[in-house]
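Please keep the structure open as you read.

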Amino acid sequence: MNIAAQLAEKVDGATVVPWAEVSSEQQAQVMSALCPPTEEGRLASPDCIVFPETTAALSQVMTLAAEHGWRVLPTGQGSKLGWGGLADGVDVVICTANLNRVIDHAVGDFTVTVEPGLKLADLQEKLAAHRQFLAVDPAFSAQATVGGIVATADAGSLRQRYGGIRDMLIGVQFVRHDGEVAKAGGRVVKNVAGYDLMKLMTGAYGSLGIISELTFRLYPVQAVSRTLVVSGGETALEQAIAEVRLSGLTPVALDLTLARTAAKTAAAVAGDSLDGAHMSLLARFQGIADGVDEQTVRLQKIATTHGMSCLQLDGEADQQIWQQVGELVNPDTVLCKVGMRPSALPALLAYVETKEAVVWGYGSSGLGWVQWPAARTMDDELKVEMNWVRSHCQQNGGFLTLLQGPVALKQSVDVWGYTGNALQVMSDIKQKFDPKKLLSPGRFVGGL
């Protein structure tokens, strides 16, 4: 009996779709995350995709996987399934798209408990009715599920004010490699002994367990929102950012990019040009009107002091420019996540300014992303540029991770490029959580 037939017979509350019946679009999403079948004995494709509708069904699937040694690949809507390393020899894809309910929304406590397959856009719509929101703005926000956002630790620009995913995640429930259900945290913030499972599950790419519930802290929607686009040369921008960091200003987003990129987004919203500028700083302020006004005046003064132009966007224009920013990441490109000391971001922008690439950096954390067009994947210079960016990041205490790109490119470069000393610790944790290496095998750092 094949895997699909066994799952259909033994699992209650799940839909099993044999691989031959999976849509071509979803097949392509899955294959973008898998090693190709070039070695003898490696599977050409998974046997099936299973859609559990309850945690109990998810547990049953993993119990069977443990009994038979099936390797599994978790996914939600698949918008970030191709991110990270390539999984090896996957037998079953477990899709959490039908685990998409809001379990509890404690409005007065500003917390919400949800299932992993819930789309962020749908969650934000429900929260907006209570003037609340989850403070993340990840890539592909219209399709991304909360489980996928946690698995890839994709917080976006709002991390400037609210922190990363692990700062908002206060409770987690997940299914272990053997089908047992484990919980940590809860609906209030507290410290406990042992593993901090919320932090471990964040950014683990489904390599430690399959998330079945998540509890987040929420924030109130602010009364006023305004964005300033400050543009100028490399030196002026570097000085202005340093001054902003020391000024006591509290932007919810403080992003750096090339002026040509900012010009596209600004022109699409306000019809303004940033001619003559090399780099731009996008600072977004939210709060009560008087507070936003005061911070606006202070940033405009900093911009004037350093001879930089300043474009102000309010109301609908403010909303639209960040929508434009969210659409900059394209699923058909070569996309890398970068991290470095914040002071090293302007030098990265200066290098990429003469290249065919898009760079976006977060001013206080030093995190960001670099994106090259899909057509560049056959260009020998692409690897040269990637190597320069990785070297620049590492020299400044950071990293470069190849998130998405053709399978052939991922096979020819080191996807994670990890040079730290924690690989043995990560390997030990993987051994404790997934001793049979059934979960996302090979996708994480060091082939874990």
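Lysine 430 and aspartate 434 pair their side chains in a salt bridge, 2.8 Å from N to O; the term stands for a side-chain nitrogen of Lys or Arg within 4 Å of a carboxyl oxygen of Asp or Glu. This is a predicted model, in which local features need pLDDT of at least 70 and side-chain atom pairs count only at pLDDT 80 or more, while totals for chains, interfaces and linings use all residues. Residues are numbered from 1 along each chain as its sequence is written, and side-chain values use heavy atoms, with hydrogens and water left out.

**Salt bridges**

- Side chains of opposite charge can pair when their charged atoms come close.
- The count comes to nine salt bridges.
- Lysine 430 is buried, at a relative accessible area of 3%, and aspartate 434 is buried at 0%. Here buried means under 20% relative accessible area, exposed means over 50%, and partly exposed is in between (1.4 Å probe, protein chains only).
- Arginine 226 forms a salt bridge with aspartate 314, and their closest N and O atoms are 2.4 Å apart. Because arginine 226 lies in strand β12 (residues 224-232) and aspartate 314 in strand β15 (residues 309-314), the pair ties together parts that are 88 residues apart in sequence. Helices (H or I, at least four residues) and strands (E, at least two) are DSSP runs, numbered from the N terminus.
- Arginine 226 is buried at 11% relative accessibility, whereas aspartate 314 is partly exposed at 33%.
- A network of salt bridges links Arg226, Asp293 and Asp314.
- Another salt bridge joins arginine 101 to glutamate 115, with 3.1 Å between the closest N and O atoms. This pair links distant parts of the chain, 14 residues apart: arginine 101 is in the loop between β4 (92-95) and β5 (102-106), and glutamate 115 is in the loop between β6 (111-114) and α4 (120-128).
- Arginine 101 is partly exposed, with a relative accessible area of 38%, while glutamate 115 is buried, with 6%.

**Pockets**

- A pocket is found on a 1 Å grid over the protein atoms alone, as an open set of points with protein on both sides within 12 Å along at least five of seven lines; lining residues have an atom within 4 Å of a point. Grid points are joined across faces, edges and corners, and a volume is the space filled by probe spheres set on the points.
- The largest pocket holds about 1300 Å³ of space. It is lined by 49 residues, and the closest to its centre are Val136, Asp137, Pro138, Ser141 and Leu158.
- Elements that give two or more residues to this lining include α4, β7 (132-133) and β14 (279-287). The largest share, seven residues, comes from α12.
- The lining of the largest pocket divides into 26 nonpolar, 15 polar and eight charged residues. Ala, Val, Leu, Ile, Met, Phe, Trp, Tyr, Cys and Pro count as nonpolar, Asp, Glu, Lys and Arg as charged, and the others, Gly among them, as polar.
- The second largest pocket has a volume of about 790 Å³. Of its 33 lining residues, the closest to the centre are Arg166, Thr202, Gly203, Trp416 and Phe444.
- The lining of the second largest pocket divides into 17 nonpolar, 10 polar and six charged residues.

**Cavities**

- There are two cavities of 30 Å³ or more, a cavity being a set of grid points where a 1.4 Å probe fits but cannot get out.
- The largest cavity contains about 360 Å³ of space. Of the 26 residues that line it, the closest to its centre are Pro74, Thr75, Gly147, Gly148 and Ala151.
- α5 gives the most to the lining of the largest cavity, with five residues.
- The lining of the largest cavity divides into 11 nonpolar, 13 polar and two charged residues.

**Helix α14**

- Helix α14 (residues 380-395) has 16 residues that should span 22 Å at 1.5 Å a residue, and its end C-alpha atoms are 23 Å apart, which agrees. The expected span is 1.5 Å times one less than the number of residues.
- The buried residues of α14 are Leu382, Glu385, Met386, Val389, Arg390, His392 and Cys393. They cover an arc of only 160° around the axis, so they lie on the same side of α14; the arc is that of the directions from the helix axis to the C-beta atoms.
- Asp380, Asn387 and Gln395 are exposed on the other side of α14.
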